[in-house]
Amino acid sequence: MAGPTTARRGEKKSPSGPPSVPEVRGRRFRWMRIPLRAPGRRGLIIIMVLAALLGAFGVWALYASNWLRVEQVRASGTKVLTPREVVDAADAPMNAPLVSVDTDALARRLRARLPRIKAVDVERSWPHTIGLKVTERTPELLMRAGGKFVEVDAEGVRFATVGAAPKGVPLLEMSVSDSPSLRRFGIDRLRRAAVEVAQDLPSAVHKDVRKVRVRSYDSITLELAGGRTVAWGSSEQGAEKAKVLTALLKAARDGRHFDISVPSAPAVSGS
């Protein structure tokens, strides 16, 4: 029966506690303790002074040095606007510390000065540049204003006046002055209803639309190329009405008047 294991002569058990490393003596090893000492008071003071100096240097570099200041502003994403128009309207503080630029205020200023801008992402590009990534509004409909045209976007927002009508954008005619819908819904809601109709149209039909006329909330009419008209009704059930109209235009190529105000019971006349 085996007895308890005993240490050989000349060997010592490894003491418990901090890690130790063997010391070579002849052909045998002796374990030695290596004390792990925390930095003393003097060492802590040195560390704190270095940290303070590093922080002060960082603040100086960001705000007081010439290393990280605004030297240029770049605009991208423009289609109708020019990059120069965007940069000028932004009026970014040149030579100011880049870190101090209020990007939110800059974006608000751009949208206020250039209503064509729907959204803008203002970014700091270290070490010296402010980037302006612009998303422009696009016209869904046009409204006549004297000899010019007011562009209306997908949200019904009138955002710009242009001298020439953009190609492929239908005219919007609002004939609602005597309509009870004007008092009930307001002009903005009626204008958005017209935009919703234009958006629901498939591209094959949209390209033939010349005018969208609004007489009331429930009476929206489309005028197509070739003198054809479409009684659309309200802007509700737009997707279903678009499918029905597409089918009718193919089936009744000689039709002149299409009524899809009730999409489950469409009508064609004038063929």
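Strands S7 (residues 148–152) and S8 (residues 158–162) pair in the antiparallel sense over 4 bridges, where strands are DSSP runs (E, at least two residues) numbered from the N terminus and pairing requires at least two DSSP bridges. Phe149 has Val162 of S8 as its bridge partner. The two strands form a hairpin with 5 residues between them, and Gly156 in the turn adopts a positive phi of about 80 degrees. The model is predicted, with local features requiring pLDDT of at least 70, side-chain atom pairs counted only at pLDDT 80 or more, and totals for chains, interfaces and linings using all residues. Residues are numbered from 1 along each chain as its sequence is written, and side-chain values use heavy atoms, without hydrogens and water.

Overall, the protein contains 7 helices and 14 strands, helices being DSSP runs of H or I with at least four residues. Of its 271 residues, 34% are buried (under 20% relative accessible area, with exposed meaning over 50% and partly exposed in between; 1.4 Å probe, protein chains only).

Helix H5 (residues 187–200) has 14 residues and reaches 20 Å from its first C-alpha to its last, close to the 20 Å expected at 1.5 Å a residue (1.5 Å times one less than the number of residues). Buried residues in H5 include Leu190, Arg191, Ala194 and Val197.

Leu53 lies in helix H1 (residues 41–64) and is exposed, with a relative accessible area of 53%.
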